[in-house]
Amino acid sequence: MAAYNSALASLDEQHLRGRDAPDWVLFDLQTIDGHLPSLDDGLSWPALLDNYTFISYDGQFVFMRKNRFIHPNSSYDDVSTKTYKTGATVVLPKTDGLLFAEVDLKPTLAGRLLIALFTPPQLHIVLGLENGKTRTFRVVSEMMRTGVLLSPLVSNTGEFASLMARSKHPQDEDRVRTISIAPSYGGSVYWSGTYELTLKRYVGE
């Protein structure tokens, strides 16, 4: 299960919240091109948390069973909505629970024209973790707008298993403390100098 644009991500989420949602899900977290793992089909993660129960993890797949009652929506507590400079280091507020983010970073007018003609520069996000380490991933502006799990960092299938088993919490050493989003080159030409960051704490169904 993976989607690389907002329309497909929305369809996947609706399927997991609909009458025909699968009774069982096998999940293997494999991303491509160095993407932030939770970015690929990020809308489906809250749907899985709401509507599926962790059964087992065999070292490759997370095995989940559909709950008796399907929740059509997730609940969140609003944390903040602020505008930041592209490339600046943003210190995240300390919150309990899972922190989701929506990032609205728009191309400039010239950037829209250039993107139509050429491959745009890659966008990267640098995550500063509670343990002092940093991790850099590729991100896609359209997918960031749909919402993505930002903290704690879930970077492999085993960590996703812990998330579904409710044993991964932001007080762990992989809680994200800072973020920075910037293009690999041509920032002022292709992308706006600011972006809007909306943070929400996942409450559940």
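Select valine 90 and isoleucine 179. Isoleucine 179, in S10, is the bridge partner of valine 90. You are looking at a predicted model. Now show the strands around this pair. S5 and strand S10 (residues 176-183) run antiparallel to each other, paired over two bridges.

Widen the view to the sheet. Four strands make up an open, antiparallel sheet, in the order S5-S10-S7-S8. Its edge strands are S5 (90-91) and S8 (134-139), each pairing on one side only.

**The cores**

Which residues touch the most other members of the largest nonpolar core? Select Leu127 and Ile179: they do, in a core of 29 residues. Elements giving two or more residues to this core include strand S6 (99-104), helix H4 (141-146) and strand S11 (194-204). S7 gives the most, with four residues. In soluble globular proteins, nonpolar side chains tend to be buried together.

**On to helix H5**

Start in the loop between S9 and H5, where proline 152 is found. Serine 151 and proline 152 are joined by a cis peptide bond, with omega about 5 degrees. Most peptide bonds are trans.

Step to asparagine 156. This residue caps the N-terminal end of H5. One of its side-chain oxygens lies 3.1 Å from the backbone nitrogen of glycine 158.

Now select H5 itself, residues 157-164. Its buried residues are Thr157, Phe160, Ala161, Leu163 and Met164. They sit on the same side of H5, because they cover an arc of only 160 degrees around the axis. What do they pack against? Show strand S1 (24-27), helix H2 (44-51), strand S2 (52-57), strand S3 (62-66) and strand S9 (148-151).

Zoom in on threonine 157. Is threonine 157 buried or exposed? Its relative accessible area is 7%, under the 20% cut-off, so threonine 157 counts as buried. Its side chain makes a polar contact with the side chain of aspartate 28, at 2.9 Å. Setting aside residues up to four places away in sequence, threonine 157 also touches others, including Phe27, Leu29, Tyr57, Gln60 and Val62.

Finish just after H5, at arginine 166. Here phi is positive, about 65 degrees. Most residues other than glycine have a negative phi.

Conventions:
Residues numbered from 1 in each chain as written. Predicted model: local features only at pLDDT ≥ 70, side-chain atom pairs only at ≥ 80, totals over all residues. Heavy atoms only, no water. Buried < 20%, exposed > 50% of the residue type's maximum accessible area, 1.4 Å probe, protein only. Arc of directions from axis to C-beta. Contact = heavy atoms within 4.5 Å. Polar contact = N/O pair within 3.5 Å; in protein donor to acceptor, adjacent residues only side chain to side chain. Pairing = 2+ DSSP bridges. Core = buried A, V, L, I, M, F, W, Y, C linked by side-chain atoms within 4.5 Å.
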